[in-house]
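Please look over the sequence and the structure, and then read on.

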Amino acid sequence: MTFTGLIGRIFWFPLRLIINACVALGIHPNILTFVGVLINVAAAFELARAHFIRGGVIMVLANIFDFIDGKVAIELNAVSAFGGFWDSVIDRFSDIALFLGLIYLYSHLGRTDYVMVTAIAMMFAIMTSYTRARAESLIKKCKVGFMERPERIVLFMIGAITNRMAGVLWVVLVLSILAVANRIYYTYLALNGLAIPSKEGVKGIFNRAFFWTDERATLPYDVWVIAILAFVWLVPPDWLGDPMAHDGGLIAWIGSRIRN
């Protein structure tokens with residue numbers, strides 16, 4: 001049992017109840033997918049108005065629908081090629097909406113630096129999905145790179161609810177660039193019949209961290225998650241020029257408690 005695996009098991013129980021309710025009511029999964037994007041647009045609207053906590057809570061609600069639609073499709077025996085296509089397209093709309101909400105906010109605040117950070121993060125987030133889709137038209141599977149949509153969405157929720165969106169955007173930007181690079185390199189290796197980088201020895205540790213092929217809910221995954229959360233919560237917002245958070249951060253808060 002890993003840390004992230006435990007979190008997943010805790011949240012699975014209420015989600016299972018929601019899935020059972022949707023199955024009992026016979027709600028078509030494509031409708032759940034569409035409702036999810038509408039709620040995400042509402043979350044983006046709240047982000048644009050600098051209502052981060054409200055936006056974060058709405059994101060949680062929206063992504064319940066995003067999580068359960070595939071499970072409901074299986075339970076109702078309604079899995080289809082169009083359903084998978086529909087889900088993928090709607091996910092891109094949801095992603096772009098959230099980024100656009102932040103771009104509007106930072107533009108309104110006159111923070112062109114964070115307009116650019118958000119725009120570039122959005123570009124590489126979309127490219128993360130595109131590179132996988134394009135690669136899998138050529139090879140069997142291309143599920144490499146750490147920063148996929150579930151990680152991105154959870155980070156957005158954390159950034160909004162804890163008012164640490166600047167740190168989240170930098171993490172999403174850097175790890176999305178890395179994920180795109182991973183997928184391009186992996187596809188090159190696969191198409192040319194070459195071996196993927198070794199995970200053995202000191203070099204293997206580096207490869208494992210920066211050429212991500214591990215599954216979720218594993219020890220390496222937990223290490224990355226803890227490192228990301230440490231960056232988001234411990235780095236003082238002023239160091240990042242956060243347009244919305246101006247406190248000293250968790251380190252400063254802990255230091256003040258110790259001094260007192």
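Arginine 164 counts as buried, at 10% relative accessibility, where buried stands for under 20% relative accessible area, exposed for over 50% and partly exposed for what lies in between, with a 1.4 Å probe and protein chains only. This is a predicted model, in which local features need pLDDT of at least 70 and side-chain atom pairs count only at pLDDT 80 or more, while totals for chains, interfaces and linings use all residues. Residues are numbered from 1 along each chain as its sequence is written, and side-chain values use heavy atoms, with hydrogens and water left out.

**Salt bridges**

- The search of the whole structure finds 18 salt bridges, a salt bridge being a side-chain nitrogen of Lys or Arg within 4 Å of a carboxyl oxygen of Asp or Glu.
- Arginine 164 meets aspartate 247 in one of them, at 2.6 Å from N to O.
- Aspartate 247 lies in the loop between α10 (237–240) and α11 (249–259) and arginine 164 in the loop between α6 (149–161) and α7 (165–191), so this pair ties together parts that are 83 residues apart in sequence; helices are DSSP runs of H or I with at least four residues, numbered from the N terminus.
- Aspartate 247 is partly exposed, at 34% relative accessibility.
- Lysine 199 and aspartate 214 also meet in a salt bridge, at 3.6 Å from N to O, and they link distant parts of the chain, with lysine 199 in the loop between α7 and α8 and aspartate 214 in the loop between α8 and α9 (219–234), 15 residues apart.
- Lysine 199 is partly exposed, at 33%, whereas aspartate 214 is buried, at 14%.
- A network of salt bridges links Arg132, Glu136, Lys143, Glu148, Glu151, Arg183 and Arg216.

**Aromatic rings**

- The count comes to 13 aromatic pairs, where rings of Phe, Tyr and Trp (its six-membered ring) pair if their centres lie within 6.5 Å, and planes under 30 degrees apart count as stacked, over 60 as edge-to-face and the rest as tilted.
- Tryptophan 12 and phenylalanine 67 form an edge-to-face pair, with 6.2 Å centre to centre and 75 degrees between the planes, and this pair links helix α1 (residues 3–25), which holds tryptophan 12, with helix α3 (residues 52–75), which holds phenylalanine 67, 55 residues apart.
- Phenylalanine 67 is partly exposed, at 34% relative accessibility.
- Phe146, Phe206, Phe210, Trp212, Tyr221 and Trp224 form one aromatic cluster.

Notes
Helices (H or I, at least four residues) and strands (E, at least two) are DSSP runs, numbered from the N terminus.
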